[in-house]
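Please keep the sequence and the model open as I go.

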Amino acid sequence: MWTDQETHQDLIGFGVHTDLIRSIITDQTLLPVTIGLFADWGGGKTSLMKMLERDLTPENWQGEPAMKTELDGVACLYFNGWLFEGYDDAKSAILSSVLLALGEHKRFGPKIKEKAASLLKSVNWMRLAGLGLKHVAIPAVAAYVTGGTSLLPSMSQSMGSLAGWPTTGKPVTTDQTDTGEDKAGNDDVKAVTVDWEKLIRKDSSSAGPMDVRTFRDQFAKMLAESDVEKLIVLIDDLDRCSPERIIENLEAIKLFLNVENTAFVIGADPRIVRHAIRWKYRDFERIAESDGGESEQDDRLITDYLEKLIQFPYHLPRLSPAEIETYMVLLFCERHLKNEPFEQVVAACNEQRTENRYVVFGSAAVEAALIKAEADDPNDELSEALTFCAAVAPLVTEGLEGNPRQVKRFMNAFMMRKKLAEAAKLDNIDDPVLVKLMLSRICQGYPVS
């Protein structure tokens with residue numbers, strides 16, 4: 001069986017999409033830019049962002065030396081927008097988190113942290129002004145330190161306590177391991193230990209609210225003076241948030257952070273984003289309905305708003321039957337082969353994809369890759385699994401509409417039923433028949449389980 005976690009390893013052939021998006025967000029002539037990475041839930045958005053994060057780190061770059069040199073001036077930050085869902089002000093949460101991540105960046109942090117501390121003070125004041133001066137400390141700091149586990153803002157006892165900031169020891173986020181590296185093996189981000197409380201108290205600038213223009217100017221100046229040639233921010237799982245939080249995050253990006261030499265990649269289900277915009281303008285819809293307005297006008301309003309915030313919408317395509325079969329083949333190879341032979345199989349698959357993306361990487365190709373790697377031939381269990389993939393891939397593709405997560409969940413559910421049959425001593429289970437029965441339940445509206 002297989003874990004249902006995002007990965008930076010490309011088993012679904014999304015490398016072409018990663019290369020395309022990377023070429024846009026590193027093109028100086030297109031910045032600033034915001035890309036909407038759109039797909040259904042489980043469509044591969046998070047895995048693609050993890051691949052982007054990996055490829056935008058100089059230490060991980062395997063391509064042309066010129067690009068590696070260019071990446072030395074790139075600061076790439078990854079955030080899960082869902083972590084801000086429990087906060088009363090998502091705008092200040094994302095602004096604070098970006099500043100904190102920049103201040104603790106391994107390459108750029110030492111030059112940024114003091115300027116970031118000054119901006120953090122102003123973000124706090126802006127947030128307080130928006131709340132009518134409620135005594136609440138910025139929750140984004142606690143979120144950054146705890147990896148999002150502090151979902152409720154901490155209540156302060158007095159205005160004086162608003163100057164207090166948590167002291168970060170070793171930075172900890174949901175994307176880091178105990179060694180300080182993230183899941184993609186990237187030790188370039190969030191690697192500097194910063195005592196934010198000390199920096200905030202040391203900062204001599206006057207703490208007060210800023211207007212949008214002033215914040216943008218100071219944010220852009222901070223980046224320019226810190227040798228950050230390009231700031232790339234990846235915001236994932238925005239569609240998991242409530243409509244209010246989705247709008248706040250989008251507007252914070254557009255109004256405060258979208259300055260020169262910045263790029264934002266926002267991963268979301270477009271249906272959820274459009275619903276959030278419709279929620280924002282729900283009063284307008286009521287007026288339109290009372291005036292006999294048509295729904296086409298409402299849709300146009302939503303589209304216009306979305307186009308203002310996102311310049312490049314990019315919809316990830318659903319996987320084809322050939323891609324689904326290849327994906328299933330690689331998953332079974334991952335399960336039955338040792339690390340080195342499996343890596344050789346993946347490399348051979350990538351070579352075939354470069355030559356022809358529309359051909360299935362099947363059992364013959366797997367066997368040829370293992371022979372070339374001087375590895376053992378596929379065992380009987382793997383051979384049977386590859387034959388199974390060829391038989392059921394078209395059915396799985398149609399039943400699950402080419403969704404990678406649903407494919408993996410389906411295969412896990414299938415394996416569970418096979419194990420149940422073995423435990424019950426049932427040896428007359430026909431795999432294709434079992435697949436058809438499971439898919440028929442899905443067509444009737446039951447979940448993949």
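Predicted model: local features only at pLDDT ≥ 70, side-chain atom pairs only at ≥ 80, totals over all residues.

Let me start with a question: does tyrosine 305 count as buried or exposed? With a relative accessibility of 12%, tyrosine 305 counts as buried, where buried means under 20% relative accessible area, exposed means over 50%, and partly exposed is what lies in between, with a 1.4 Å probe and protein chains only. Residues are numbered from 1 along each chain as its sequence is written, and side-chain values use heavy atoms, with hydrogens and water left out.

As for the overall picture, the chain has 18 helices and five strands, these being DSSP runs numbered from the N terminus, with helices as H or I of at least four residues and strands as E of at least two. Of the 449 residues in the chain, 50% are buried.

Now to the rings. Searching the whole structure gives five aromatic pairs, where rings of Phe, Tyr and Trp (its six-membered ring) pair if their centres lie within 6.5 Å, and planes under 30 degrees apart count as stacked, over 60 as edge-to-face and the rest as tilted. One of them joins tyrosine 281 and tyrosine 305, whose ring centres are 5.6 Å apart with the planes at 75°, so the pair is edge-to-face. Tyrosine 281 sits in the loop between α10 (270-280) and α11 (282-290), whereas tyrosine 305 belongs to helix α12 (residues 295-309), so the pair ties together parts that are 24 residues apart in sequence. Tyrosine 281, at 28% relative accessibility, counts as partly exposed.

Phenylalanine 388 and phenylalanine 414 form a stacked pair, 4.7 Å centre to centre and with 20° between the planes. Here helix α16 supplies phenylalanine 388 and helix α17 (residues 404-423) supplies phenylalanine 414, 26 residues apart, and both phenylalanines are buried. Elsewhere, ring pairs link Phe215, Phe219 and Phe256 into a cluster.

What about the cores? A nonpolar core is a set of buried Ala, Val, Leu, Ile, Met, Phe, Trp, Tyr and Cys residues joined through side-chain atoms within 4.5 Å, and the largest has 67 residues, with Ile25, Met328, Phe332 and Val345 having the most contacts inside it. Helix α16 (residues 380-400) gives the most to this core, namely nine residues. Apart from it lies another core, of 52 residues, which includes Leu102, Leu199, Phe219 and Ala252.

Finally, the cavity. Four cavities of 30 Å³ or more are found in the whole structure; a cavity is a set of points, on a 1 Å grid over the protein atoms alone, where a 1.4 Å probe fits but cannot get out, and lining residues have an atom within 4 Å of a point.

Threonine 326, in helix α13, counts as buried at 3% relative accessibility. Leaving out residues up to four places away in sequence, threonine 326 touches Cys349, Arg353, Val359, Val360 and Phe361, a contact being heavy atoms within 4.5 Å.

Terms used:
1 Å grid on protein atoms, 1.4 Å probe; cavity = no way out; pocket = protein on both sides within 12 Å on 5 of 7 lines; lining within 4 Å. Points joined across faces, edges and corners; volume = space filled by probe spheres on them.
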